[in-house]
Amino acid sequence: MKGLSRYLTLRQRCVRNFSVQIGKGPNAKDLKIDGIKDIIAVASGKGGVGKSTTAVNLAVSLAKKCQLKVGLLDADVYGPSIPLMMRLRGKPEVSIDKKMIPIENHGVKCMSMGSLVDVGAAIVWRGPMVMKALEQMTRGVNWGTLDVLVVDMPPGTGDAQISISQRLQLSGAVIVSTPQDVALLDARRGVKMFSQVNVPILGLLENMSYFKCPKCGEPSDIFGKGGARKTAEEMGVQFLGEVPLEVGIRSSSDEGVPIVVSDPESAVSHAYGDVAEKVANILDELAKQQQFRPEIVL
Ligand SMILES: Nc1ncnc2c1ncn2[C@@H]1O[C@H](COP(=O)(O)OP(=O)(O)OP(=O)(O)O)[C@@H](O)[C@H]1O
């Protein structure tokens, strides 16, 4: 009953916040994954804005700074980048109960299609196959107990994103955008898509906010300034913070050691840490709201 009441609470919140029509979703009882408290999506309406980079640094910060038990699911089946960014080696072993054991690194349990197929293999699948694979990569995994499972979503707002949002009973979504208008337009679509499937928006994060010259330290607003903060205000969602465009973020990702691990005292790592704390607090707040709400008996 607790799960159902939570599902209803989240639906009610979304209706209040966004005044959307509630569509018929799957039964909440079928959606719960044993042992996982919260599942959150890191998403963007547009590709290449730094969603995976954010998912990785957020997951590691939630584990290291907020001391939570964290998992990371790479739901970008066609273009998995988590094995590279988290330096995952080998393939997942299978436990006695025939479930896959996630590969752990940097304090986070990870699951990705990139760890299941040979390096460089092209995934050429139609939608239903992808959903089947994602089902295996969530319910077919021995996650143990997790406070948060961070889901690196595929880019866009199509069928796959809607199905994942509905099947995983998300507690909320973090939307990543760069500051330029075209990316923000897509971020707005992302916010709307999640509201339509009754998933609360935890906040909007601006990536590549400005470029800090490695030589002179001068910041330049190459994609514009303040766009995501303004969009967040206009849409009534929380602004989670800014992450600059920095060579170190890219190079540490490519080396498989996220910047929050390779340079934990950098300004960027502190920015990711602040985002993680905000996200953890919002999740706590959502859980409290659900606790003090009267149960709805059907
Ligand atoms: N703040 C940043 N500073 C420097 N490089 C960055 C930053 N954010 C992301 N990148 C780099 O930009 C590239 C794209 O980032 P990433 O893969 O995280 O984007 P994505 O939105 O997940 O892409 P896709 O849509 O293809 O999944 C990567 O090479 C990454 O290292």
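How are H5 and H6 oriented to each other: roughly parallel or roughly antiparallel? Let's find out in the viewer. This is a predicted model, where local features need pLDDT of at least 70, side-chain atom pairs count only at pLDDT 80 or more, and totals for chains, interfaces and linings use all residues. Residues are numbered from 1 along each chain as its sequence is written.

**Stop one: the helix pair.** Select H5 (residues 127–138) and H6 (residues 159–167); helices here are DSSP runs of H or I with at least four residues, and strands are E runs of at least two, numbered from the N terminus. The axes, lines fitted to C-alpha atoms over the stretch in contact, lie 11 Å apart at an angle of about 30°. H5 and H6 are therefore roughly parallel, a label for angles under 35 degrees.

Now show Gly127, Val130, Met131 and Leu134 of H5 with Asp159, Ala160, Ser163 and Ile164 of H6, which make the contact (C-beta atoms, placed from the backbone, within 7 Å). By class, this contact has five nonpolar, two polar and one charged residues. Ala, Val, Leu, Ile, Met, Phe, Trp, Tyr, Cys and Pro count as nonpolar, Asp, Glu, Lys and Arg as charged, and the others, Gly among them, as polar.

**Stop two: Glu135.** Stay on H5 and pick Glu135. Glu135 is exposed because 12 other C-beta atoms lie within 10 Å (exposed means 12 or fewer). Its C-alpha atom is 16 Å from that of Asp97.

**Stop three: the ligand.** Select Gly47, Gly50, Lys51, Ser52 and Thr53, the nearest of the 20 residues around the ligand (C-beta within 6 Å). The shell divides into six nonpolar, 10 polar and four charged residues.

Methods:
A residue is buried if 20 or more other C-beta atoms lie within 10 Å of its own, exposed if 12 or fewer, and partly exposed in between; C-beta atoms are placed from the backbone. Axes are lines fitted to C-alpha atoms, for helices over the stretch in contact, and angles run from 0 to 180 degrees between N-to-C directions. Angles under 35 degrees count as roughly parallel, over 145 as roughly antiparallel, 65 to 115 as roughly perpendicular and the rest as oblique. Two residues are in contact if their C-beta atoms, placed from the backbone, lie within 7 Å.
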